[in-house]
Amino acid sequence: MLNINIICSGTGKVKDSYYREAWAEYEKRLGAYCKLKCIEVGEKDSDILAALPKRSFVIALAVNGKQLSSEELAAKIDNLEVQGNSEITFIIGSSEGYGKSVEDASDFLLSFSKMTFPHRLMRVILLEQLYRAMNINAGGKYHK
């Protein structure tokens, strides 16, 4: 089973229950497809880098990254698995973003948009797109 990590930088205590509920819902759904681990770290690049698993393929979310359709993200994940990657780590930066050292440590930069999103909402969007990608790869009907 594929291991997926999501490193969330600078999340802090989340007061808004709707974020926690959305995270929990998609984490539950993803449980059928992968082993998911969400890792909350501080805002410093060193916090992010220290949390990176040693043998993971690292995808950092970045405005300057490559934009993919849902189908292309599904294919990317599938291709990574076929190539022998059993673990993928996604990085969501804090409201301050992250520096060049995090980009340099990443294997791929992924952009969801040129717009800026709150990092708590970005976690929901990423989880939903991961669920959609896994469902596409499994031949499910969630993606229309």
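## Cysteines, cores and the largest pocket

The count of disulfides, a disulfide being a pair of cysteine sulfur atoms within 2.5 Å, comes to 0. This is a predicted model, in which local features need pLDDT of at least 70 and side-chain atom pairs count only at pLDDT 80 or more, while totals for chains, interfaces and linings use all residues. Residues are numbered from 1 along each chain as its sequence is written, and side-chain values use heavy atoms, with hydrogens and water left out.

**Cysteines**

- The sulfur of Cys 34 lies 9.6 Å from the closest cysteine sulfur, that of Cys 38, which is too far for a bond.
- Cys 38 is likewise in no disulfide, the nearest cysteine sulfur being that of Cys 8, 5.7 Å away.
- Cys 34 has a relative accessible area of 3% and is buried, whereas Cys 38, at 25%, counts as partly exposed (buried means under 20% relative accessible area, exposed over 50% and partly exposed in between, with a 1.4 Å probe and protein chains only).

**Nonpolar cores**

- A nonpolar core is a set of buried Ala, Val, Leu, Ile, Met, Phe, Trp, Tyr and Cys residues joined through side-chain atoms within 4.5 Å; the largest has 30 residues, of which Ile 4, Ile 6, Ile 59, Ile 77, Phe 90 and Leu 130 touch the most other members.
- The largest share of this core, 8 residues, is supplied by α5 (helices, H or I of at least four residues, and strands, E of at least two, are DSSP runs numbered from the N terminus).
- Apart from this core lies another, of 11 residues, including Ile 7, Leu 52, Ala 60 and Ala 62.
- Not counting residues up to four places away in sequence, Ile 77 touches Leu 2, Ile 88, Leu 130, Ala 133, Met 134 and Asn 137, where contact means heavy atoms within 4.5 Å.

**Ser 94**

- Ser 94, found in the loop between β4 and α4 (100-105), counts as buried at 7% relative accessibility.
- Ser 94 and Ser 9 are 85 residues apart in sequence, yet their C-alpha atoms are 4.8 Å apart in space.
- Leaving aside neighbours within four places in sequence, Ser 94 is in contact with Ser 9, Gly 10, Glu 43 and His 119.

**Largest pocket**

- The largest pocket is lined by 20 residues, of which Leu 61, Ala 62, Val 63, Gly 93 and Phe 117 lie nearest its centre (on a 1 Å grid over the protein atoms alone, a pocket is an open set of points where a 1.4 Å probe fits, with protein on both sides within 12 Å along at least five of seven lines, and lining residues have an atom within 4 Å of a point).
- The largest share of this lining, 3 residues, comes from β3.
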